Amino acid sequence: MAQAETRKKSKGRAASNQVLTQDQLLRGYRDMLLIRRFEEKAGQLYGMGLIGGFCHLYIGQEAVVVGIQMALEQGDEVITSYRDHGHMLATGMEARGVMAELTGREGGYSRGKGGSMHMFSREKNFFGGHGIVGAQVSLGAGLAFSNWYRKNDRVAVTYFGDGASNQGQVFESFNLAALMKLPCIFVIENNRYGMGTSVERATASHDLSQNGAPWGIKGVKVDGMDLEAVHAAAEVAVAACRAGEGPYLMEVETYRYRGHSMSDPAKYRTRDEVQKMRTEHDAIESVRHKLEALGVDAAAFKGIDDEVKAIVTDAAEFAQSSPEPNVSQLWTDVLVEG
Amino acid sequence: MGVQILMPALSPTMTEGKLSRWLKKAGDDVRAGDVIAEIETDKATMEVEAVDEGRIGKLLVPEGTEGVAVNTPIAELEGEGGKIAAPEPTPAPVAAAPVVHAASAPVAALAAAEEKDWGPTKPVTVREALRDAMALEMRRDGDVFLLGEEVAQYQGAYKISQGLLDEFGPRRIIDTPITEHGFTGMAVGAAMNGLKPIVEFMTFNFSMQAIDQIINSAAKTLYMSGGQMGCPIVFRGPNGAASRVGAQHSQCYASWYAHCPGLKVVAPWSAADAKGLLRAAIRDPNPVIFLENEILYGQTFECPVDEDFILPIGRAKIERVGTDVTIVAFSIMVGVAMKAAETLAAQGISAEVINLRSLRPMDHATIVASVKKTNRIVTVEEGWPTAGIGAEINMVVIEQAFDWLDAPPQRVAGLDIPLPYAANLEKLCLPQPDWVVDAVKKII
C-alpha cells in the first residue's frame, strides 16, 4: 500500500508538469507495444529452444524506457544492464538485429557473439547490454565524462535496477559524477525485486531516489507505470543535466510481470500481486484508455497493432532464417588489428 | 487448424515437464500475456503465457499429463476473427559448426627481427621516459588524458606525471578520489565513447579493486559487440615488489593479465622500453596493461632522442647475444638476468638474454629461434612460479622446440609465499643474479 500511495503522490507531482500531446501518446503507445510484443515473441522462441542461456524480459516496465527516451535528443548516450531488449528497441535499434542476436545468428547486432545481454549500436548511441550487476553505472558515468571532456551538451542515461543500486561502484560513480558535475542521469528501475530478493530485504535505504543525496544529487521518485509521469520527470532531469547542473537521479517505480529470467518460477511474490499490477496499473492499457478518451478509434489501434505485429513477426522470421555465424568469426574481434 | 501452442522450455536445460493445470478451456478468448497453463518441472512450477491473441480451439494435452516433451503441441489457437494464422516458423537449422582445434590463441606473427636503429641516444631515467611518452602523445592527440590518484596537483605519487598538469591543465590531468573501481569503470566508459584514457594505478595492487571493469568491460566488449565497440585505454603503474612494503603492496600481476584475451600486456625494463612502448600503448586501439616497476623509475638508461621514437608491442629484444643458454626475463628481472650473464661469462658460459617487453602477445619467434641456437632455456620472473609467465614460456618452448632442447627447461621465480616485511626474509624471496647462475649451471 505504501507503494501505491507513493505512486499517487508522484502522479500528482507529475501532473503539474507538461502532459503529452495525442501524437506523443500514440508514439509512446506504439513503442511500448512493440517492446511488449517483441518480448512475448522472445519468450516464445525461448520456449521453442531457439534462444539459449539467460533471457531477461522487460514486460511490464515498458513505460520507463519509452518515457525517458522521448525526452532525449539524438546523440545522447544510453547504457543499461542485461534486461536490455526494451532499451535497444526504444533507442531505435532494429527488431530484426536484436532478435537475431537472441537466436545467436549472423544477422544479430553482435553477429551472434554477444547474446541477449550484450548488444551495442554505435549508430544509436546504445552502449550495451552489460551482464555484471552495477558495472554499467560506472561505464555510464564514463559516457557522461566523455561529454564533459568534449564540452558538448549531450547527456548520458545510465539505467540500473534496485538490486544494482546497492553495489559499491554505484556510490563511487555518484561521488565522481557529482564531484565533476558530469551530465549523467542515473535511472534506478525499481521493479521491487533484485532477482528474488525484495527491496525491503536488500537495502536499508528507505527511499532510493535519495541515495545520491549525500553528494547533492537531485533525486525524484516517479511512477514508472505512467508514461506521462516518467516523461515529465525525464524532461526535468535532462534539462538540468544539459544545463550543466551535474548528475540527476530518477527512481522509477515499476514492475516486471515475468520472472527475473526465463527459468525463474517467481515464488517470492504472489500471483495476486502480479495480477493486480497487470490489471490495474498496466502502462500500455493506461495510455490506451487516455487515447480512447481523446477520441482515438479502434481502427487506429488496429493499425498500430498490425504494424507492431508485422515488425515482430518479421524479426522472428529473420532471427530464424539468418545463418549461424561462420566459424571464421571465432577468432575475429578479440583485438582491433593494425 | 490454427496456430499450435507448443510445450515451452522454461529453462536452458528443460527437456520435458508435467502439464499440471489448464487455466483456459476450449472456446476461451485469450490475449497475449494471459496465463493459460501451469507446468511443473523437477525444479519448479511455472506459468505459460499466451503469445498471440485468439480463441483456444482445442486442448491437445489434458491437464495432469506427465513427461510432455518440449515443443509438443499442447493446444490450438484460432487467430483473430477465426482466421487461420500464419504457421509456426520452421525450426532452427541444425548447428553444423565443425570443431575447431586451437591449442592456443594466435600470437604475434612477427619473425625474430633486428632492433631498428633510432640513431643518437642520451641518458634518461625510466621516470622521465614515461613522462615524456605521455606528454608527446598528449600533444599529438587531444583525446588522450591521464587520470588517477594524485596524478595532477601532487605531480604523481612517484612523480611520473611531474609537470603535466601545468602543460595540459585539469581537464586532461585529472585527480580522482581513491575509488579504483569507480574511476576505472568511468575511464572504460569514456574509452568506449572514443576517448583514449591513461589510467594510473598508484600501484597495480590496487587494480584488483577494478579488475572486473578491466576484464569484463574493457577486454571483452569488442568481442561481445561483434567488433563494434572498442576500448582504446592504457592501465599503467608500478607492478611487483618495491622494497619492504609488505605482502599487499608487493605482487606481480603479469600472469593475471597475460591470461586474458582482449588485453595486451607490456612490461618495459629500460628507459627506451618505457618510452617507446608507452607511446605504442597509448596509440593502440586496444586495452593495454602497462606494468612498470617502482625500483626502475630512478634508473638511467640510454634512450633514443628521435622525436618519433616508438617500439612495436609484441616484439622481444635480445639484450645480450650468447650461444650456450637462453635466459628470458621481463621488467626488473632483465637487469638480474644481465648481471647473471656477466657472472656466467666470467666462468666461460655464453648466455643470450631476451628482454620479453611484451607478455601478450608474446614474441614466441624470438624465444624459439634463440633456444634452437642455444638448446637450453631459463626463465626469470619476480612473481610466483605457479601458473606464471615462466610456465607459459617454457611450455611454448616444449611445444615448438622440444627436439632442440638438450636439458629440461628451468624457471627462476619469486618464492611461492606472500612477501614478508623483514629485510632479511624479503631478500630471500626475490630472484637474485646468483639464483639465475645456479639455474643455468644445473643444465650445463
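This is a predicted model: local features need pLDDT of at least 70, side-chain atom pairs count only at pLDDT 80 or more; totals for chains, interfaces and linings use all residues.
Hi everyone. For the complex, the predictor gives an ipTM of 0.92 and a pTM of 0.88. Chain B has a mean pLDDT of 91, and 91% of its residues reach 70 or more. There is one stretch to watch, though: over residues 81-111 of chain B, the pLDDT is below 50. Beyond near neighbours in sequence, that stretch has 40 contacts in the model.

Now to the place where the chains meet. How many residues of chain B are in contact with chain A? The count is 81 residues of chain B, and they touch 67 residues of chain A.

What about polar partners? Between chain B and chain A there are 25 residue pairs in polar contact, counting pairs with both residues at pLDDT 80 or more. Which elements of chain B give two or more residues to the side that touches chain A? They are the strands β4 (35-40), β5 (45-49) and β10 (144-148), together with the helices α3 (180-192), α4 (211-219) and α5 (221-224). The biggest contributor is α3(B), with ten residues. Sorted by type, the residues on this side of chain B come to 41 nonpolar, 25 polar and 15 charged.

On to salt bridges. As a reminder, side chains of opposite charge can pair when their charged atoms come close. Over all chains, the count comes to 39 salt bridges. Two salt bridges lie between chain B and chain A. In one between the chains, A:R271 pairs with B:E38, with N and O 2.4 Å apart.

Other pairs sit within one chain. In chain A, A:R30 forms a salt bridge with A:E307, and their closest N and O atoms are 2.9 Å apart. This pair links distant parts of the chain: A:R30 is in helix α2 (residues 22-47), A:E307 is in helix α12 (residues 298-321), and they are 277 residues apart. Is A:R30 buried or exposed? A:R30 is buried, at a relative accessible area of 17%, while A:E307 is partly exposed at 33%.

Also in chain A, A:R36 and A:E62 meet in a salt bridge, 2.7 Å from N to O. A:R36 lies in helix α2 and A:E62 in helix α3 (residues 62-69), so the pair ties together parts that are 26 residues apart in sequence. Both partners are buried: A:R36 has a relative accessible area of 10%, and A:E62 has 0%.

Finally, chain B has a salt bridge between B:E115 and B:R357, at 2.9 Å from N to O. Both residues are in loops, B:E115 between β8 (73-78) and β9 (121-125), and B:R357 between β19 (351-355) and β20 (358-360), 242 residues apart. B:E115 counts as partly exposed at 36% relative accessibility, whereas B:R357 is buried at 2%.

Terms used. Residues are numbered from 1 along each chain as its sequence is written. Chains are lettered from A and ligands numbered from 1 in the order in which they are written. Side-chain values use heavy atoms; hydrogens and water are left out. Contact means heavy atoms within 4.5 Å. A salt bridge is a side-chain nitrogen of Lys or Arg within 4 Å of a carboxyl oxygen of Asp or Glu. A polar contact is a pair of N or O atoms within 3.5 Å; within protein, one must be able to donate a hydrogen and the other to accept it, and residues adjacent in sequence count only if both atoms are side-chain atoms. Helices (H or I, at least four residues) and strands (E, at least two) are DSSP runs, numbered from the N terminus. Ala, Val, Leu, Ile, Met, Phe, Trp, Tyr, Cys and Pro count as nonpolar, Asp, Glu, Lys and Arg as charged, and the others, Gly among them, as polar. pLDDT is the predictor's confidence in each residue, from 0 to 100. Buried means under 20% relative accessible area, exposed over 50%, partly exposed in between (1.4 Å probe, protein chains only).
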